[in-house]
Amino acid sequence: MKTPEEEIKINWRTRAAETVSIDIPKDTLESLKKVAASKDMPLAALLKFYIGQGLRQDLTKLFSEQLLERTAKVLARHIESEEEISTIIREIKEGR
């Protein structure tokens, strides 16, 4: 039987990085510093976390929009009614 340390293996990979400079309003920066302190993490780590979180959400939305567009094109090859295709796509979007 494996120990918990043997079962959990984390592989860190270094990625190329580039430094950027942005202007952040002072009051926003102070709020960010307070949040970072409350989470016991450096400000830079909090900023990277927020950027990563927003980026993942936007990429997920972009991917799903592209998938729906491809789905509509496939359906158009098999179904003549644009209204029926629109209904199917709408149902997919609404999660029915």
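Analyst: Happy to. In H3, the buried residues are Leu46, Gly52, Leu68 and Leu75; buried means under 20% relative accessible area, exposed over 50%, and partly exposed in between, with a 1.4 Å probe and protein chains only. This is a predicted model, where local features need pLDDT of at least 70, side-chain atom pairs count only at pLDDT 80 or more, and totals for chains, interfaces and linings use all residues. Residues are numbered from 1 along each chain as its sequence is written, and side-chain values use heavy atoms, with hydrogens and water left out.

User: What do the buried residues of H3 pack against?

Analyst: They pack against helix H2 (26-38) and H4. Helices here are DSSP runs (H or I, at least four residues), numbered from the N terminus.

User: What makes up the largest nonpolar core?

Analyst: Leu68, Leu75, Ile79, Ile85 and Ile89 do. A nonpolar core is a set of buried Ala, Val, Leu, Ile, Met, Phe, Trp, Tyr and Cys residues joined through side-chain atoms within 4.5 Å. Helix H3 (43-78) and helix H4 (82-94) are the elements that give two or more residues to this core.

User: What makes lysine 33 and glutamate 30 a salt bridge?

Analyst: The label asks for a side-chain nitrogen of Lys or Arg within 4 Å of a carboxyl oxygen of Asp or Glu. Here the N to O distance is 3.7 Å, so the pair qualifies. Both residues lie in helix H2, 3 residues apart, about one turn of the helix. In general, an α-helix has 3.6 residues a turn, so residues three or four places apart point the same way. The structure holds 1 salt bridge.

User: Why is tryptophan 12 called exposed?

Analyst: Tryptophan 12 has 78% relative accessibility, so the exposed label applies. Its place is in the loop between helix H1 (4-7) and H2.

Technical notes
Contact means heavy atoms within 4.5 Å.
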